[in-house]
Amino acid sequence: LGPNGAGKSTTMNIIIGYLSATSGEVIINGHNIFEEPQEAKKCFGYLPEIPPLYQDMTVKEYLDFAAELKKIPKKDRKSMVAEAMDMTKITDMKNRLIKNLSKGYKQRVGLAQALVGNPEVLILDEPSAALDLVCKEDIKRYLQIYLERKGTIIITTHEESELSLCDSLYVMKDGRLHQVDKMLRGDLLTARF
């Protein structure tokens, strides 16, 4: 959590290895993102705030392409793409061009891309930003299913409803993380700074 400009997206870009850090290290499932980037990147799926979708591809073509980039073995690609489409409820859209989809469906395609390959960690930068209430609830439901199957999501959000997914909360202020205690009953938040 944190105000705009606090450093949330920058931190996400450091975690995924897109930006280098001035100090510290990022370890994902035992792999340093800067020393073993390929091994670390195999462990996570990433959804940026604005998904980088190829507008002239169909949904299925794009997800097949993402599976190929992730070096998922050919024998597993079809089932993993189908599972990601099923989980995000976009199977009916698989033959449609991405440019012809609504913003909500484009966001679902982006989330499906992050899910392809069954990553151990999902890293999501405001996954439901600017979506209508139905899409926000759908995405929250998909994330709950993922948590039940896998278990780890790192998420930046301004959506209070998404806080119920969290075991730990952090507020970013001036580029620094501060842990927050969260009581599940009533979602009472108390910050320790």
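User: Why is D76 called partly exposed?

Analyst: Its relative accessible area is 23%, and buried means under 20%, exposed over 50%, partly exposed in between (1.4 Å probe, protein chains only). So D76 lands in the partly exposed class. Keep in mind that this is a predicted model, where local features need pLDDT of at least 70, side-chain atom pairs count only at pLDDT 80 or more, and totals for chains, interfaces and linings use all residues. Residues are numbered from 1 along each chain as its sequence is written, and side-chain values use heavy atoms, with hydrogens and water left out.

User: And what makes D76 and K75 a salt bridge?

Analyst: The N to O distance is 3.4 Å. The term asks for a side-chain nitrogen of Lys or Arg within 4 Å of a carboxyl oxygen of Asp or Glu, so the pair qualifies. K75 itself is exposed, at 71%.

User: How do you know that D56 and K99 form a salt bridge?

Analyst: Their closest N and O atoms are 3.0 Å apart, so they meet the cut-off too. The two sit 43 residues apart, D56 in the loop between β3 (44-47) and α3 (59-69), K99 in the loop between α4 (74-87) and α5 (103-115).

User: How many salt bridges turn up in the whole structure?

Analyst: The search finds 7. R108, D138 and R141 are linked in a network of them.

Note on methods
Helices (H or I, at least four residues) and strands (E, at least two) are DSSP runs, numbered from the N terminus.
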